[in-house]
Amino acid sequence: MLILIIPFFGVANFWGKTGHRVTGHIAEKHLTGKAKRALKDLLDGHSLAFVSTFADEIKADRAYSKFSAWHYVNYPLGMRYEDSKKSKYGDLITAIEECTRIVKNKNSSREDRVFYLKMLIHLIGDLHQPMHASRAEDKGGNDIQVQWFGEGSNLHRVWDKNLILSYGMTYTELATELDQASRKERKKIQEGTIYDWVHESHELCAEIYDSVEVGEKLGYKYGYKYNNVLFNQLQKGGLRLAKVLNDLFA
Ligand code: ADE
Ligand code: ZN
Ligand code: ZN
């Protein structure tokens, strides 16, 4: 029998489903009454975790190809986004701004408000995946091959899904574990602007590039080093998503 192995060379550029759902689930616990009511109406009662993966699900449909550049932003390491040359296709930051504008605008159609709200819920998650605030040369680490527990992977994929999945917890379990900050700590995390938040991710990204060799065999030791960074980013993503939505529906 002839067995055809068709390799998949595409760039799987999404913060895995688990990461987005953790962010959505944490955010849900920190919404104002007003935001909760607005979201319940626009999302037809679905949870933030449920809709958080929508923007990845439409990716395979060519009708939505203009949104593929919205999931990340690349600019030179050591630079701030504000000082960088912007992509003509848009990027994660311009996308978040556009979504906010459309959802806020009372003249937008309901269909548009729903669509861009779901995009926004997803993109605040992406903003906290360090390899989505990255550099262009290697497509945010997609071109840096590494091994993950003996299997082929790449640096981007390690951060999208390998690290989080190796923890073996569901998104609700992870969200509960990570949502332990005091009121004061939560307030601190929610400070700043999306420019500050992308800067944090971009700085982490530089450190992540520095700490790995092409072809390196990654496993438990990598988790010891980075699980806490991953967990902090998920927690921040959740609390900041709540902040963005509370402001949007204030
Ligand atoms: N494609 C190009 N750069 C990328 C990045 N930083 N993240 C995901 N996909 C990309
Ligand atoms: Zn990704
Ligand atoms: Zn994405």
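**Exercise 1. How many aromatic pairs does a search of the whole structure find?**

Solution. The structure is a predicted model, in which local features need pLDDT of at least 70, side-chain atom pairs count only at pLDDT 80 or more, and totals for chains, interfaces and linings use all residues. Residues are numbered from 1 along each chain as its sequence is written, chains are lettered from A and ligands numbered from 1 in the order in which they are written, and side-chain values use heavy atoms, with hydrogens and water left out.

Step 1. Rings of Phe, Tyr and Trp (its six-membered ring) pair if their centres lie within 6.5 Å; planes under 30 degrees apart count as stacked, over 60 as edge-to-face and the rest as tilted.

Step 2. The search finds 17 aromatic pairs.

**Exercise 2. Classify the pair Tyr64 and Phe115, and locate both residues.**

Solution. Step 1. The centres are 5.9 Å apart with 15° between the planes, and the pair is stacked.

Step 1. Tyr64 is in the loop between α4 (54-57) and β1 (73-74), and Phe115 is in helix α6 (residues 110-127), 51 residues apart. Helices (H or I, at least four residues) and strands (E, at least two) are DSSP runs, numbered from the N terminus.

Step 2. Buried means under 20% relative accessible area, exposed over 50%, and partly exposed in between (1.4 Å probe, protein chains only). Tyr64, at 29%, is partly exposed, whereas Phe115, at 15%, is buried.

Step 3. Both residues belong to one aromatic cluster, formed by Phe54, Tyr64, Phe67, Trp70, Phe115 and Tyr116.

**Exercise 3. Which residues coordinate the zinc ion (ligand 3), and how are they spaced?**

Solution. Step 1. Donors are N, O and S atoms within 2.8 Å of the metal (3.2 Å for Na, K and Ca); water is not among the atoms, so sites may look incomplete.

Step 1. His71 (ND1), His122 (NE2) and Asp126 (OD) coordinate the zinc ion at 2.0 to 2.1 Å, and the donor residues are spaced H-x50-H-x3-D in sequence.

Step 2. His71 lies in the loop between α4 and β1 and His122 in helix α6, so this pair ties together parts 51 residues apart in sequence.

Step 3. His71 is buried at 1% relative accessible area, and His122 is buried at 0%.
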